Amino acid sequence: MSLVGVAAKRIVTCDPARITKDNPLGTIEDGVILYDQHSFSWVGPRASAGANVPIIDHGDRVITPGLVDAHTHAAWVGSRHDEYVMRMAGASYLDIAAAGGGIVASHNAVMNASEEEIEQTLAARLKRMASLGVTTCEVKSGYGLEPEGERKQLRAIARVREERDLPHVVPTFLALHALPKSAKASRDHYVLRAATTLLQEFASAKLCEFVDAYVDKNAFTVDEARLVCESAKKLGLGVRLHVGQFADVGGAELAAEVGARSVDHLENVSDKGIAALAKAGVSAVLLPTASFTLGQEPPPVERLRAAGIPMVVASDANPGTAPTESLPLAMALAVRLYGLTPAETILGATRLAAASLGLWGSVPHPRGAIAPGARADFVVWDLPHENAIVQPWGSPKTLLVLRDGVCIGRS
Ligand SMILES: N=CN[C@@H](CCC(=O)O)C(=O)O
């Protein structure tokens, strides 16, 4: 495979080998990247680059690793704009659910859609996400709720995953999201089936790499989620959990106990929960677009930072609480509403997000940073500095978005 090169005024590598106190993103001024249609082969200052590779010069622009969106419900169909109007008129999450909105509304839309419709809608959505700089995207099921619905969503995700001109997709079986009407009288059976037959079926068909459960007041209990987490671990799947979006019911402690990769949301968590997460090395996936939509207080960022918990920033793309496809919007809100620094936010939407998905670390070709041997996923921004990425532009500012060394988007 032939090597090509790009140069720019700033190359933000996010490579831990280059990060120092004074250079928190491992940025190379006036740098060059050499890559092929798979991975990076060399990164460094222009003055040290060899002369025998063609180099495209992007001048005064900034290049970063491709963005990694580590929490999305992107395989949805339909729209819930009516529920946003209800929310703005004062209805709560529970009022909306009681009126047939919320997760159940998206469940009905998924049940009425064909696998092809879900596939096409997801592919089109991922294409738009790519134009915003996303090169890897976690996608959850969780609107199917019934076995056939979950199967349909996961199969649609698997088909989209094969497409090389879209972001790399990491599929998650969101096993416990809401109780469908059919299961109201048989909750225990519903949970047990998700944790046993369904999980085994989806794992052996390689339809998921992770399992997820919504552990919260009015959702699922710690004991119910534990059943799913333990089966997932036996099957070699990773665990991510929705925790503390509305109330602290002990989800953080469960995540630590089962060695989850991430706890997501985390607006409500105790000091004990934070200490357990830190000890177990669990990442916190922060979802500022959801708490912005719901008008909630931010998660305890100061306490998470002090405990040394890796903070990931994700879009939570879903039609209800985070009606957006934009990870850059979530990044802007992480800075404006949560008080993350721009550097924390950029790391949280690249290498730390990749690590929470098992894509950084001791894997053959990691994603999430610009470093020799890593997958050639990067973005040439039509911006002069990485700090401009976290301003609320509301419009894409990418010049080129490459996954595995191939262009998958531009604005
Ligand atoms: N909290 C649960 N799940 C989603 C909301 C899904 C929905 O409202 O459709 C979330 O991550 O915010």
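Helix H2 (93-98) and helix H3 (103-112) each put at least two residues into the lining of the largest pocket; helices here are DSSP runs of H or I with at least four residues, strands are E runs of at least two, and both are numbered from the N terminus. A pocket is an open set of points on a 1 Å grid over the protein atoms alone, with protein on both sides within 12 Å along at least five of seven lines, whereas a cavity is a set where a 1.4 Å probe fits but cannot get out; lining residues have an atom within 4 Å of a point. This is a predicted model, so local features need pLDDT of at least 70 and side-chain atom pairs count only at pLDDT 80 or more, while totals for chains, interfaces and linings use all residues. Residues are numbered from 1 along each chain as its sequence is written, and side-chain values use heavy atoms, with hydrogens and water left out.

The largest pocket comes out at about 570 Å³, volume being the space filled by probe spheres set on the points, with grid points joined across faces, edges and corners. Its lining has 27 residues, and Ala97, Val104, Ala178, Leu179 and Lys184 lie nearest the centre. That lining splits into 14 nonpolar, eight polar and five charged residues (Ala, Val, Leu, Ile, Met, Phe, Trp, Tyr, Cys and Pro count as nonpolar, Asp, Glu, Lys and Arg as charged, and the others, Gly among them, as polar).

The largest cavity holds about 130 Å³. Of its 14 lining residues, His73, Tyr93, His177, Asn318 and Thr321 sit nearest the centre. By class, the lining of the largest cavity has eight polar, four nonpolar and two charged residues.

The second largest cavity has about 50 Å³ of space, and its lining includes Leu145, Glu150, Phe173 and Tyr190. Strand E8 (168-176) and H6 are the elements that give two or more residues to this lining, with H6 supplying the largest share, four residues. Seven of the lining residues are nonpolar, none polar and two charged.

H6 (residues 187-204) also packs against H7 (residues 222-234), at about 10° and with the axes 9 Å apart. Axes are lines fitted to C-alpha atoms, for helices over the stretch in contact, and angles run from 0 to 180 degrees between N-to-C directions. H6 and H7 are therefore roughly parallel, a label for angles under 35 degrees. Arg187, Val191, Leu192, Ala195 and Leu199 of H6 meet Glu224, Leu227, Val228, Ser231 and Ala232 of H7, contact meaning heavy atoms within 4.5 Å.

Definitions and conventions:
Parallel < 35°, antiparallel > 145°, perpendicular 65-115°, else oblique.
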